[in-house]
Amino acid sequence: MAVVLYRRVVTTDSREIEIIETIWIDLPDRPRLAGRLWRPVDTETSPVPTILEFLPYRRRDGTAARDESTYPAFAHAGYAGLRVDMRGTGDSDGLYDDEYSETELADAEAVIAWIADQPWSDGTVGMMGISWGGFNSLQVAARRPPALKAVISLASTADRYNDDIHYRDGCHLGAQLSWATTVLAYIARPPDSDVVGDRWRSMWLDRLDALEPASMIWIGHQRRDAFWKHGSICEDFAAVDVPALVIAGWADGYRNTPAKAVAGLGSPSVALNGPWIHKYPHFAWPQPRADFHAEAIRWWDRWLKGIDNGADALPRQRAFIACNVRPDERGDREPGRWVARDSIITDHVQRLYLVAPGRLADTPVGAGEMVVETAESCGADAGAFFVVSPDIELPADQRIDDSASAVFDSDVLVADVDVLGRTRLRIRIAIDQAQGNLIARLEDVHPDGASHRVAVGVLNLSHRHGNESLQPMTPGRFESIDLMLDDTGYRFVAGHRIRLALSTTYFPMVLPPPTHIRAIIVLGAASYIELPTPGDLVDIDLPEPADGLLPVYETLSAGVSSRVVTRAEDGTAATTTVSSDGGEVVHPTNGMIWRETHDSTASIGDDPLSFECVERVTVMRRRDSIETYCVATGRLTATATAWCIEAAITATEDGLEVFSRSWSQDIPRDHQ
């Protein structure tokens, strides 16, 4: 039986909807979970379909604003919306284990079955979410719970190894430590005494006592093994037998999934790519935004209510083609246009050869060789893997990093060149070590020299033949390899140049191999890029949402965020320091007060083993004059043979320490 903690009816847009602040979900042989429910007022007599979002991010503060921007709109359209805290998070019972674990996915299946059995449910369920919720929506769909009829997945992945925050084509991403430290802090947060009562403290201490740092789990799996295949729907796209609307932004690290997933899933699944960062598209930056509510309701109406509204005839991909973007001067609205196409596969490509002296040419003239030997500090302007704060996390002007790289420029363009898809680099290369990385950046060079990064691709050369059975390079031996850059939609306008920048380092986005490497590439016919230049694009209009769709909560004290890069004058060292502070915020209805800060420092000298990454995440919650803090820290260094990881968590109540634990482990490097 569902037990309601707090119920209220609100009137918006001349229609009443019911909000149940906490509805308890009792599952057989599983912990009791806490949910927040929005629904039309008449669902007890007229059951409706339900939209589920299943997350560890706390429904009463962490995701409250975005939930409150969306679920009332769903309720107005005749849907129930249920935001559930995963076990061991928010106000739910039980203990958390790991992201996308068997426990998590089985719990989600049980919740879907529970929903279908409720008197206000008509037995049909849709599942959606961004990032974590986008991941598990696709993963749960692959398990085929009978009541699940459609999903909407935003900023997610079909391949947990190659398209997540941990590794990319075998390269160890610096963001992995940042995310592991964030997860440690987030899972440590206490439940809300306003919901669970006096047992909040014992629940909190149980959670703290069960914590294990994810960094040591994830770094223990450095190749694409069974750990990463679990939950990767690309292992068997056919397992997903319900329609999926897959959405991502070009300014996000999860930009590859819409095209990859939809190509694998087939019709009627469709892709939508906008210019956005890691946010829902109705309030994402930059504009133009998309009316996510209208998109979602059309999707749900077609697949949950059976309304013949044309959602099953949408183009396979709709995408924004940005143009003339200036790094460090990006405005709130990006120039460009919306296009559509009915095939995800791009058959038409424009080949540009890498020729001497540092040119991209239509013909393979100018053969020879070029040395690529990059300072370890190259990459300080790379920005973050996924961007939630555009003022501090977007890639900066690439000119400084380009000066440390091997660059190849086209002639000044006499006509615009449209790119939609993933650029392929074929290159013949030799390195002087057994282990090394190669980083390729596709850039738009403005007439004044400003260099905007359009797409980036990375490859651990030991993974050149796959991510499972690894093959070190033979020093000095030339091989032809392929490297795929990230998906993008971009127009290189006449008067600009197309640039390919190649480097063997890109720190802190990519962590360095054990030794400095020197690469030699063969120019001419052996090395080229293929730009995806489809000719079947149709210009479309995509409606934008009304302003003010995301509620703004009162800020008791403002936060200040910053990004500072310091470099040695000779270019042999660099330190990137990022501080993000969301300010002290109060929820207008439930009264919870919270603050979260994230401080990150990444430094490197002229030796790849000199790097150090340090993370600190602080989360505060205040309720009824009781203030709790959880501080998680992480540190990563390396030797020639091991990754050296440290993690710690400290929790206080009203300034008194109630819990503290630290961990330290050296994990052997596996071809990294």
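Guide: The model is predicted. Strand E22 covers residues 497-503. Six of its seven residues are buried, so the strand is largely enclosed by the rest of the structure.

Two strands pair with E22. Strand E17, residues 406-409, runs antiparallel to E22 and is joined to it by four bridges. In this pairing, valine 407 stands opposite alanine 501. Strand E19, residues 437-445, is also antiparallel to E22, and here seven bridges join the two. Aspartate 444 of this pairing stands opposite isoleucine 498 in E22.

E22 also takes part in a side-chain contact. Arginine 499 forms a salt bridge with aspartate 402, and the closest N and O atoms are 2.8 Å apart. Aspartate 402 belongs to helix H12, residues 399-403, while arginine 499 is in E22, so the bridge ties together parts that lie 97 residues apart in sequence. Buried means a relative accessible area under 20%. Aspartate 402 has 5%, so it counts as buried. Arginine 499 has 12%, so it is buried too.

Another of them joins aspartate 482 and arginine 426, with 2.6 Å from N to O. Aspartate 482 sits in strand E21 (residues 479-492) and arginine 426 in strand E18 (residues 417-431), so this pair connects parts 56 residues apart in sequence. Aspartate 482 is partly exposed, at 34% relative accessibility. Arginine 426 is likewise partly exposed, at 24%.

A further salt bridge brings together the side chains of aspartate 107 and arginine 30, at 2.8 Å from N to O. Aspartate 107 lies in helix H2 (residues 102-116), and arginine 30 lies in the loop between strand E2 (15-25) and strand E3 (33-40), so the pair ties together parts 77 residues apart in sequence. Aspartate 107 is buried, with a relative accessible area of 2%, whereas arginine 30 is partly exposed, with 30%.

Salt bridges can also link into a network. One such network holds Glu21, Arg36, Arg60, Glu68, Asp192, Asp194 and Arg623.

To return to the strand: E22 has antiparallel partners in E17 and E19, and its arginine 499 is bridged to aspartate 402.

How values were computed
Residues numbered from 1 in each chain as written. Predicted model: local features only at pLDDT ≥ 70, side-chain atom pairs only at ≥ 80, totals over all residues. Heavy atoms only, no water. Salt bridge = Lys/Arg side-chain N within 4 Å of Asp/Glu carboxyl O. Buried < 20%, exposed > 50% of the residue type's maximum accessible area, 1.4 Å probe, protein only. Pairing = 2+ DSSP bridges.
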